[in-house]
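Please open the structure in your viewer and keep the selection tool at hand.

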Amino acid sequence: ELENIIERAVIFTDGELINSSDLELTTASDSQEFDTLLSSGDVESMSLRELEKKAIINSLKRNSGNRTKTAKELGISRRTLISKIHEFDLDF
């Protein structure tokens, strides 16, 4: 689900960079964090998979590893989050 959101943003963005307004972010802090990530320059060399992993890690850290809160923040199901944690071999 998160990957679909990012892919949709890539497809529908008007410029060369994806802005927080291109995503369905729920809070101002999410929006600010995403803008910071995009402006860092690292994003240009990151794959979609790496962006997804970074978004999950950052959200898990913000939520002290709470998977239910993290899934809600990311707009994905808890089951999808758990699957992604295993896929990326994350230790949370």
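Begin by selecting Lys69 and Lys72, which are exposed (over 50% relative accessible area, with a 1.4 Å probe and protein chains only) and sit on the face of α4 turned away from its buried side. Helices here are DSSP runs of H or I with at least four residues, numbered from the N terminus. This is a predicted model, in which local features need pLDDT of at least 70 and side-chain atom pairs count only at pLDDT 80 or more, while totals for chains, interfaces and linings use all residues. Residues are numbered from 1 along each chain as its sequence is written, and side-chain values use heavy atoms, with hydrogens and water left out.

Next select Thr70, Ala71 and Leu74, which are buried in α4, residues 67–74 (buried means under 20% relative accessible area). These residues cover an arc of only 100° around the axis, taken from the directions from the helix axis to the C-beta atoms, which puts them on the same side of α4.

Now move to the ends of α4.

Finally, select α3 together with α4. In α3, Ala55, Ile56, Ser59, Leu60 and Arg62 meet Arg67, Thr70, Glu73 and Leu74 of α4, where contact means heavy atoms within 4.5 Å.

Note on methods:
Helices (H or I, at least four residues) and strands (E, at least two) are DSSP runs, numbered from the N terminus.
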